[in-house]
Amino acid sequence: MERAIETLELLKPHVDSAETYAVNAESVKVGYRAGKLRSTEVQETSGVSMRIINDGKLGFYATTDLTDQQKLLDSALNSAKYGGEASFEFAKPAQGEAFDGYSPETARMDIQELSELGRRLAARIEDKTDRNEVTVEVDLERVVYNQHLTNTNGVNHKDRRTALSVSVSAQRVRGDDVFMTYNSHSAISPEAAFEELTEKIMTMLEQSEKLVKLDTQEGELPVVFTPRGAILLYYPWALGLSGKNAHLGVSPLTNKIGEQLLDPRITFIDEPIVANRSSSTGLDDEGVPTKPIAFFDQGVLTSYYHNLKTAGEANAQSTGHGQRGMLGQPGASFFNPMLKGGKTPFKELIADIKEGLLVDSVLGMGQTNILAGEFSNTVNVAFKIENGEVVGRVKDVAIAGNVYNLLKNNLADLSSEVELLYGSIRLPYVRLEKVSTVSNN
Amino acid sequence: MIRDRITDAVKKSKADYTEIRIENKDTTSVAFRGKILETVNTGRDVGGIVRVLHKGNWGVSTFNSLDELDRHVSLALECAKALSEGDAKMAQVTPHVYEMALELEHDFRQVDLSTKKQLVEHYNNLLLSQPGLQDSNMGYGDTLLTLHYGNSDGTYIKQERPYGSLRFSATARDGANVQTAFDNVQLAWDFNEIYNKEEKVIGVAKRAVDMLSAQPVQAGNYTVILNQKLAGVFIHEAFGHLSEADHIDENPRAQEMMRLGRRFGPTILNVSDGGIHPNLVGSLQFDDEGTPSQETMLVKEGELVGRLHTRETAAKLGEIPTGNARATDYRYPPIVRMTNTCIKGGDTSFEDMIKDVKLGIYAVDAIGGQTAMENFSFSSQYGYMIRDGQIGEMVKDVILAGNIFTTLSNVEAVGNDFEWNSGGCGKGQGGMLPVGMGSPHIRIKNVLVGGTASRQPSTMQV
């Protein structure tokens with residue numbers, strides 16, 4: 001059904017300009033928990049959202065109720081009537097780089113196939129652990145979806161896509177010691193990384209067998225973030241590089257384009273097209289062509305990211321970062337962000353550390369003044385490094401600092417290994433010197 | 001009409017057990033960022049879920065189009081039949097037939113969009129008139145959630161749940177020093193309740209400016225006093241999640257760890273969860289499996305006495321369903337979730353609580369919390385040092401770490417000033433589920449407070 005076009009035609013006689021975005025999706029989910037496949041699910045989703053501009057004012061409406069056309073029209077017009085000033089125009093037709101996000105192999109995956117993958121992954125942990133203490137969960141989903149973007153400038157862009165997503169978690173309880181770890185991956189079509197999901201979990205379970213204490217109760221230690229742990233360092237950039245935050249002057253990166261803000265070894269790129277990555281696209285969700293951008297190029301700030309609206313407000317150009325869900329207004333975010341790796345293998349990266357921390361995840365990420373780059377978090381999964389070796393898990397330890405300061409002044413090294421996280425973010429191990437650490441012994 | 005369609009489809013089902021839930025969510029939002037009016041819009045989200053239990057296996061079908069309920073029942077059954085090894089059972093619940101009609105004195109559905117916009121504009125103008133701000137947000141939202149639920153036990157329930165919120169934040173900046181303060185009013189609710197929030201709005205603006213000159217807290221172990229809001233988040237994270245039976249139902253060691261009768265805290269500590277309290281965002285007459293709401297004591301005089309269940313976890317552990325089967329929305333089957341969780345009021349006044357604290361921290365309001373079961377963290381928005389029994393200078397970045405086995409037993413005093421607050425809980429499913437969190441002031445000794453170990457400027461220097 002051409003829902004996007006139908007809606008556009010409905011709106012057209014009543015508006016100065018309009019944009020419609022329709023999604024329909026069909027997905028299959030399988031859940032495995034503690035030795036058994038527990039549930040399967042099929043999901044059929046459809047909805048449409050629209051933005052209109054009337055007399056220079058912007059209106060928005062979204063619905064999954066596709067039966068009441070009059071309500072849809074009235075609601076959209078009413079929204080524009082009271083809406084805010086439209087600071088932009090909808091996209092003009094443009095050609096993005098070609099990218100095929102559809103995999104027939106994924107589209108064909110059924111309950112049986114997902115179940116087998118789930119069982120296989122669970123077995124790799126359950127065969128090597130005690131079921132009385134370790135609970136394994138695997139969630140699998142494959143989705144086929146169609147996105148259709150149209151506007152009154154003549155944009156008419158259809159995209160058919162697939163995604164396979166798998167997450168695996170393990171919870172181990174021994175006495176009063178609880179350890180939880182998980183790993184997840186997603187891709188357009190099946191690939192080896194799905195089969196490898198349990199390797200990291202097994203490593204984590206093994207490394208956390210032994211509980212150890214830090215010798216330092218309060219001080220500054222070398223801290224190595226695993227690629228997953230390094231998300232803590234990436235998080236402030238997602239806010240700080242936002243064109244909106246920069247324009248409003250709340251980002252610490254405001255008015256700093258061209259300045260050397262971070263260590264020259266830091267190059268942070270967003271690549272909109274990477275093979276088999278689900279978020280890859282040649283045109284963003286507003287119809288603007290995407291392009292790779294090194295936001296930090298050897299430590300120098302080069303750009304902020306924008307969608308049409310934030311660009312309009314800041315008197316800038318959209319960088320092609322418009323992204324939206326089925327029912328939401330377009331936001332702006334990265335596609336496949338990457339912090340480039342260094343030259344040192346992880347083993348060498350920690351070799352000269354007498355006492356340090358290896359941080360895989362923290363609790364309460366984002367619940368600090370992250371816009372300013374500040375973090376102060378209890379570690380969730382973290383290990384002690386002693387004389388160049390990972391010797392055991394630590395608890396009741398908190399780290400704190402400012403990401404921008406640390407990456408400017410305290411960067412020791414980046415690993416040559418760069419890992420893909422959650423199917424989209426690529427980060428290396430990051431070693432920082434002198435990170436404020438306290439522990440409760 | 002929906003009732004007949006649900007009842008018919010359930011009746012025709014060939015599964016051992018069938019349930020259908022249909023939701024209609026009508027929303028309005030008005031949002032300003034700074035002077036800019038970001039949006040004035042409405043939206044509608046309609047959808048449904050069929051869940052069947054057949055020979056111990058769950059099958060689920062979710063959808064937006066309500067045209068083909070029978071087909072979705074068949075799809076759900078096919079899903080369940082594709083599995084063979086399940087052993088899920090459901091504890092018995094007496095079937096209920098109940099249709100609730102919402103009665104509000106000032107019904108927000110009758111208030112037009114321009115009135116809502118004007119009110120938000122009023123609050124926003126007030127916020128913008130405060131000195132020293134770099135940026136601000138003012139957002140209004142209302143939602144009417146209509147839920148239809150029927151199952152093959154004979155239950156049919158229609159509920160209407162009204163939610164409203166006003167969320168506002170203020171950001172102050174001095175060079176690279178950027179500080180944000182926020183507050184919100186979340187209601188389950190009548191439109192009259194959205195008025196007279198001027199003091200709160202002015203409060204966040206003042207606080208953002210004050211925080212520019214506050215020092216970050218020095219890391220270490222402190223005696224802390226949590227205000228009501230933060231203590232509510234604390235108990236949600238510290239104990240609420242471990243009370244959810246789905247964390248332990250398949251793990252014998254976890255069951256041992258959480259055995260009923262185990263002591264977790266001093267005798268002054270009493271904790272409960274319940275959806276029965278009137279006008280709280282976590283309240284519900286019936287949960288998403290048709291179980292009536294109740295109040296469940298979790299900790300009584302320091303001892304573990306109960307936990308939260310769906311019908312499945314209750315059957316598994318041989319306990320009684322507690323009315324805690326909740327789903328974020330129709331896209332998800334229900335799992336064990338909290339409703340309104342609280343530390344019951346005690347008898348210590350705030351003055352008595354603080355007077356013998358030599359060096360401590362008074363931690364106020366919450367940014368959020370997170371739990372990894374045994375360990376958890378919760379972040380306050382701001383705080384004050386306590387010196388020799390007196391409130392001292394303001395401090396920022398007060399992030400507290402806890403451990404379920406030590407932190408609860410370190411609770412030293414429970415205040416006589418109980419208060420409910422509202423929040424959202426994300427667990428396993430996308431989006432936030434509204435939950436109530438209640439507590440009086442509480443005092444806890446020996447809490448690990450993060451932060452920089454030595455005094456150094458915490459702002460970015462570039």
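**Entry 1: words I need**

A crossing of two helices is left-handed if the near helix is turned anticlockwise from the far one by less than a right angle, and right-handed if clockwise. Helices (H or I, at least four residues) and strands (E, at least two) are DSSP runs, numbered from the N terminus. I also noted that the model is predicted, that local features need pLDDT of at least 70 and side-chain atom pairs count only at pLDDT 80 or more, while totals for chains, interfaces and linings use all residues. Residues are numbered from 1 along each chain as its sequence is written, and chains are lettered from A and ligands numbered from 1 in the order in which they are written.

**Entry 2: helix pairs in chain B**

I started with H1(B), residues 2–12, and H2(B), residues 69–81. Their crossing is right-handed. The angle is about 40° and the axes are 9 Å apart (axes are lines fitted to C-alpha atoms, for helices over the stretch in contact, and angles run from 0 to 180 degrees between N-to-C directions). I looked up who touches whom: B:Arg5, B:Ala9 and B:Lys12 come from H1(B), and B:Leu69, B:Asp70 and B:Val73 from H2(B). Contact here is a matter of C-beta atoms, placed from the backbone, lying within 7 Å. I sorted this contact by class and got three nonpolar, no polar and three charged residues. For the classes, Ala, Val, Leu, Ile, Met, Phe, Trp, Tyr, Cys and Pro count as nonpolar, Asp, Glu, Lys and Arg as charged, and the others, Gly among them, as polar.

On H3(B) I found B:Tyr123, B:Leu126 and B:Leu127, facing B:Glu198, B:Val201, B:Ile202 and B:Ala205 on H4(B). The classes here are six nonpolar, no polar and one charged.

**Entry 3: two loop residues**

I checked B:Asn196, in the loop between strand S7 (177–187) and H4 of chain B. Its phi is near 60°, positive although the residue is not glycine. Is B:Asn196 buried or exposed? B:Asn196 counts as exposed because it has 8 other C-beta atoms within 10 Å. The cut-offs: buried takes 20 or more other C-beta atoms within 10 Å, exposed 12 or fewer, and partly exposed is in between, with C-beta atoms placed from the backbone.

B:Met373 has a positive phi as well, near 70°, and sits in the loop between strands S16 (359–372) and S17 (375–387) of chain B. I counted B:Met373 as partly exposed, because it has 19 C-beta neighbours inside 10 Å.

**Entry 4: whole chains**

Chain A has eleven helices and 19 strands, and chain B has eight helices and 23 strands. The radius of gyration of chain B is 24 Å, close to the 23 Å that the globule rule gives for 462 residues, so chain B is as compact as a globular protein of that length. The radius is taken over C-alpha atoms, and the rule is 2.2 Å times the number of residues to the power 0.38. Buried residues make up 56% of chain B and 55% of the 441 residues of chain A.

**Entry 5: where A meets B**

How many residues does each chain put into the contact? I found 75 from chain B and 75 from chain A. S2(B), residues 36–54, gives the most on the chain B side, with twelve residues. S3(A), residues 57–63, pairs with S2(B) in the parallel sense over three bridges (pairing takes at least two DSSP bridges). I noted that A:Ala62 has B:Gly43 as its bridge partner.

Note on methods:
Two residues are in contact if their C-beta atoms, placed from the backbone, lie within 7 Å.
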